[in-house]
Amino acid sequence: MGRKSSKDAILDATERVIRRQGMAGTTLEAVAAEAGLSKGALFYHFKNKKDMLLQLLERYGTQFTALRQELYDSLPDGPHRLLKATVLASIRHPARKSSSVANALTLLDDIELRAKVLEMRKHLFNELTKDSPHPERISLVLLAVDGLWIMDLFGDRSVTPTLQKRIVQELLHLIDEHG
């Protein structure tokens, strides 16, 4: 694995600042200090704080897509392989455990950020349901996975890791049986 780009190092610093200080406390100055750069150096990669957050969301999307492809390639051939890979990637994506995602989502009152998240979700839904005779079944699976993710975001530990693993296995079973 190669050396991280300056932009990735700045996005990593952004995540750390958000995790420590929350979204309101995340300033360009704080990110620059965390990254060991001047504030002006941030402007080489980002127009402003919103641009940095949009690019952070895009990075999460790119990481999700890469993880899903890796899982897809590892699964046996079958009619619901992409949906299974999507479920597994959703559960295993490192950003699930990151409070920075939760904090970033608090900015969804921002029209541009909300539009980006909705665009990503719509693309995923359309990709998974485009040829399906039962989009409602796929929707139920995605809603269950989203529910587990939301529980993680809010720190709800009522679903233990063991129970979560069993839920995911049940979802994969349902996909095979009824997908």
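Is E29 buried, exposed or partly exposed, and at what relative accessibility? In this predicted model, E29 has a relative accessibility of 42% and therefore counts as partly exposed, since that class lies between the 20% and 50% cut-offs. The side chain of E29 meets that of K39 in a salt bridge, with an N to O distance of 2.8 Å. Because K39 lies in helix α3 (residues 39-42) and E29 in helix α2 (residues 28-35), the pair ties together parts that are 10 residues apart in sequence. K39, at 34% relative accessibility, also counts as partly exposed.

A search of the whole structure finds 13 salt bridges, and another of these is formed by the side chains of K116 and E58, at 3.6 Å from N to O. Here K116 belongs to helix α7 and E58 to helix α4 (residues 49-74), so that the pair ties together parts 58 residues apart in sequence. K116 is buried, with a relative accessible area of 17%, whereas E58 is partly exposed at 37%.

K84 forms a salt bridge with D176, and the closest N and O atoms are 2.5 Å apart. This pair links distant parts of the chain, with K84 in helix α5 and D176 in helix α9 (residues 161-178), 92 residues apart. Salt bridges that share partners also join D8, D12, E15 and R59 into one network.

How values were computed:
Residues numbered from 1 in each chain as written. Predicted model: local features only at pLDDT ≥ 70, side-chain atom pairs only at ≥ 80, totals over all residues. Heavy atoms only, no water. Salt bridge = Lys/Arg side-chain N within 4 Å of Asp/Glu carboxyl O. Helix = DSSP H or I, 4+ residues; strand = E, 2+ residues; numbered from the N terminus. Buried < 20%, exposed > 50% of the residue type's maximum accessible area, 1.4 Å probe, protein only.
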